[in-house]
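Reader: Before I look at the whole, I would like a careful account of a single residue and of the surroundings in which it sits. Please take your time and give each cut-off as you come to it.

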Amino acid sequence: MLDVTDLTFGFGKRPLFKGLCFSVTPGQLIRVDGHNGAGKSTLISIICGLMSGHTGSIRFADDDFRKWTSWVAPDANGLFPTLSAVANLEFWLRLRNQHTSTDVLRDCLNGWGISGDWLQVGLPVSKFSTGMKRRLALARLQLENSKLWLIDEPLFGLDERACLKFKNHVMEHLQAGGGVVVVTHDARLLDGIKHQTVFLGGA
Amino acid sequence: MALNHPERKISWFDTVATLLRQSLRVDLSYPERLITPLFFAAIVLLLFSFAIPEQDPSIQPRMVIAQTQLAIFFALQLTFSRAFESERSDRVFEHLRLAPIDASAFTMGKILHVLVIGSLTMICTSVLSTILQGQDLAVITDPIFVGASILALVGLAGLGVLLAAITLRADGQAILFPLLYFPLSVPVLLSSTEALAAWMERRVWTDSMRSWSTILIAFDAIYLTLAVLLSPESE
């Protein structure tokens, strides 16, 4: 799904990481680990093509990786603040040629604990708490059902129940042949999930 | 849960329609975004009418056109300054770059969005300007008048979205945008005002009107092409 070879990146003369190599195959989870400032989020952004200036190669299994890749980051839920939860989901799914009925969207959101008053028509997501916004972003990740997840601190702001739910989704995704590259400091996500670790900080 | 996506890319036209619908949805969820340009245009027209109370009747048609065009021009500044506002929040723009869509469709969606808002502003300002100048309202429903006004809007929208996209990540966007927008919009403003004034004065298709319309169409084509070609890419 993804091959990263000899990847080197730095700000100025200081390299953040050097000669990084790893692959993601179907059903595999790669954990990117390292201390604060080691370049974990930067690595995800580089893989996504949101940052440039690196050397080495990043190869995806298909020409347009955007068709089967989803991205989540702590400060990037990708939500239009003045629109409702359903309106946000409808938009992003439509851009991926997914026509999902409102009932299915509401069911999914209910599963993430976004129900009742939160689903009022016209209630903007700007009224949501940090954790609720994150739940909405993860509901989108679930509905997009992409093969490869590039996720940066997915448990940010989530309570215990939502963490467990997301972990179950990760396990289902891996069993279905999906791949995951995850940056997380939260050991709860990876408990009992077979994974490989790429450690940053040695450059 | 099967991970099977035979074709997840939507057509270019569907992408444009989806992005346009979303932009209008955002506007409707925040009506201040729609009302402010209209209010601003009305204020500009009122100021003009107080500043120039009595005019020679022979130049009145030209005054109506000039005032209307300037009011729309200034009002659109507000629209452009917010053109990418919703995409800047919560890193929506980055998510759009990672969605399987063409960058040119994104730009075209924005241009059409500005055209819709600009048309609303144009209708209101044209009506108000005509009333304030004591002109016949039938003039602004004339197909030639409407066509030339839309051509002017297309040029301003193409240029405005192009510059808003170019300065999207610039630190001094608030300063940079007007510095580029004002001088580059002169050919569009000048040609549209001259073409419309020529039509209003004589109501016949003159050489002067043909020349100015050609210049207007040429600049529309240049700005639209540049906006689409220089769309913000994913890398």
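How many C-beta neighbours does A:Asn97 have inside 10 Å, and does the residue count as buried, partly exposed or exposed?

Author: A:Asn97 has 17 C-beta neighbours inside 10 Å and therefore counts as partly exposed; a residue is called buried if 20 or more other C-beta atoms lie within 10 Å of its own, exposed if 12 or fewer do, and partly exposed in between, with the C-beta atoms placed from the backbone. This is a predicted model, in which local features need a pLDDT of at least 70 and side-chain atom pairs count only at pLDDT 80 or more, while totals for chains, interfaces and linings use all residues. Residues are numbered from 1 along each chain as its sequence is written, and chains are lettered from A and ligands numbered from 1 in the order in which they are written.

A:Asn97 lies in the loop between helix 2 and helix 3 (102-111) of chain A; helices (H or I, at least four residues) and strands (E, at least two) are DSSP runs, numbered from the N terminus. A positive phi, of about 50°, is also found at A:Asp6, which is not a glycine either. A:Asp6, however, is placed in strand 1 of chain A, and with 12 other C-beta atoms within 10 Å it is exposed.

Strands of chain A in the order 2-1-4 form an open sheet of three strands with antiparallel pairing, where two strands are said to pair if DSSP finds at least two bridges between them. Strand 2 (14-24) and strand 4 (55-60) of chain A are the edge strands, and because each has a single partner strand, one side of each is left without a neighbour in the sheet. From one strand to the next the twist averages 20°, an angle taken between the N-to-C directions of axes, which are lines fitted to C-alpha atoms (for helices over the stretch in contact), on a scale from 0 to 180 degrees. Seven bridges join strand 1 (residues 2-11) of chain A to strand 2 of chain A in the antiparallel sense, and A:Asp3 faces A:Ser23 in strand 2 of chain A.

Parallel pairing is found in chain A as well. Strand 3 (residues 29-33) of chain A runs parallel to strand 7 (residues 179-183) of chain A, with four bridges between them, and A:Leu29 stands opposite A:Val180 in strand 7 of chain A. Strand 3 of chain A also pairs with strand 8 (residues 196-199) of chain A, again in the parallel sense and over four bridges; here A:Asp33 has A:Phe199 of strand 8 as its bridge partner.

Stepping back to the whole chain, one finds five helices and eight strands in chain A, which run β-β-β-α-β-β-α-α-α-β-α-β-β from the N terminus on. The radius of gyration of chain A is 17 Å, close to the 17 Å that the globule rule gives for 203 residues, so chain A is as compact as a globular protein of that length; the radius is taken over C-alpha atoms, and the rule is 2.2 Å times the number of residues to the power 0.38. Of those 203 residues, 42% are buried.

Chain A also has a partner in the model. In chain A, 31 residues are in contact with 29 residues of chain B, two residues being in contact if their C-beta atoms, placed from the backbone, lie within 7 Å. Helix 2 (residues 85-95) of chain A supplies four residues, the largest share of the side of chain A that touches chain B. By class, this side of chain A has 14 nonpolar, nine polar and eight charged residues, where Ala, Val, Leu, Ile, Met, Phe, Trp, Tyr, Cys and Pro count as nonpolar, Asp, Glu, Lys and Arg as charged, and the others, Gly among them, as polar.

Chain B itself has nine helices and zero strands, and 41% of its 235 residues count as buried. For the model, the scores are ipTM 0.90 and pTM 0.85.
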